[in-house]
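Take a look at the model below.

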Amino acid sequence: MALEFDRDFWDEHWGEAGATVRSSEPSPHLLREVGDLTPGFALDAGCGEGAEAIWLADRGWTVTAADISRAALSRAADRATRAGAASDRIDWTECDLGIWSPGRQFDLVTTHYAHLPTSQLAFYERISEWVAPGGTLLIVGHLQSSGTAEHGHRHGHGGHPPAEATVTAESVTALLAPDRWRIETAAEPVREITTDDGTHATIGDVVVRATRLR
């Protein structure tokens, strides 16, 4: 049975099981792919507990950190305060990314393992329209693979991310018309993680970074 990644799902996750789900470290893919960019205005779509948004703000970005879960945003704001982060550069925004529109474009739009009730690829295509010409789109998601264990930021999927939440680098880049986008990274890296019970697992990610040309 397909999961419904709606407000109730995420509020239950972050309000209960989310207590120890995420570390305070941002995605290593974000650090590698965005670290050299000049700070501007960024959107973190599906920000969860805010590790990526806080990292961006601390490096000079003005960040709209959007998530459907009020519980996640509360935890994120508390984390930013405790860390002494540049909270004045983060706008924590409660919204349904499937229907919400920011009413503007950004120098950077990024998402990390976010899932909506809609198609995963439809979600990625939607947020790509919010990138300004010359700006960057960074998508980090689950690799579509029957043998892939769950990723380090657990979302209560059990041993594997659900099939509807997985993609391939090829399927993501196919959304980005070559006359409008330049693909900078299209990778399916494999990482080793330590699970909650202390065992080691191999996980697959999809990382796509693209520059909007017009």
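Helix α5 spans residues 120–128, and its buried residues are Q120, F123, Y124, I127 and S128. This is a predicted model. Why do these residues lie on the same side of α5? They cover an arc of only 135 degrees around the axis, which puts them there. An α-helix has 3.6 residues a turn, so residues three or four places apart point the same way. The start of α5 has a contact of its own: a side-chain oxygen of S119 comes to within 3.2 Å of the backbone nitrogen of L121.

Now the charges. The structure holds nine salt bridges. One of them joins the side chains of D179 and R214, at 2.8 Å from N to O. D179 sits in the loop between α6 (169–173) and β7 (181–187), and R214 in the segment after β9 (200–212), so the pair ties together parts that are 35 residues apart in sequence. D179 is partly exposed, at 45% relative accessible area.

Another salt bridge links R191 and D205, at 2.9 Å from N to O. R191 belongs to strand β8 (residues 190–194) and D205 to strand β9, so this pair ties together parts that are 14 residues apart in sequence. D205 is buried, at 0%.

Next comes a network. Salt bridges that share partners join R32, E33 and R209. Within it, the side chains of E33 and R32 meet at 3.4 Å, N to O. E33 has 8% relative accessibility, so this residue counts as buried; the cut-off is under 20%.

Technical notes: Residues are numbered from 1 along each chain as its sequence is written. This is a predicted model: local features need pLDDT of at least 70, side-chain atom pairs count only at pLDDT 80 or more; totals for chains, interfaces and linings use all residues. Side-chain values use heavy atoms; hydrogens and water are left out. Buried means under 20% relative accessible area, exposed over 50%, partly exposed in between (1.4 Å probe, protein chains only). Helices (H or I, at least four residues) and strands (E, at least two) are DSSP runs, numbered from the N terminus. The arc is that of the directions from the helix axis to the C-beta atoms. A polar contact is a pair of N or O atoms within 3.5 Å; within protein, one must be able to donate a hydrogen and the other to accept it, and residues adjacent in sequence count only if both atoms are side-chain atoms. A salt bridge is a side-chain nitrogen of Lys or Arg within 4 Å of a carboxyl oxygen of Asp or Glu.
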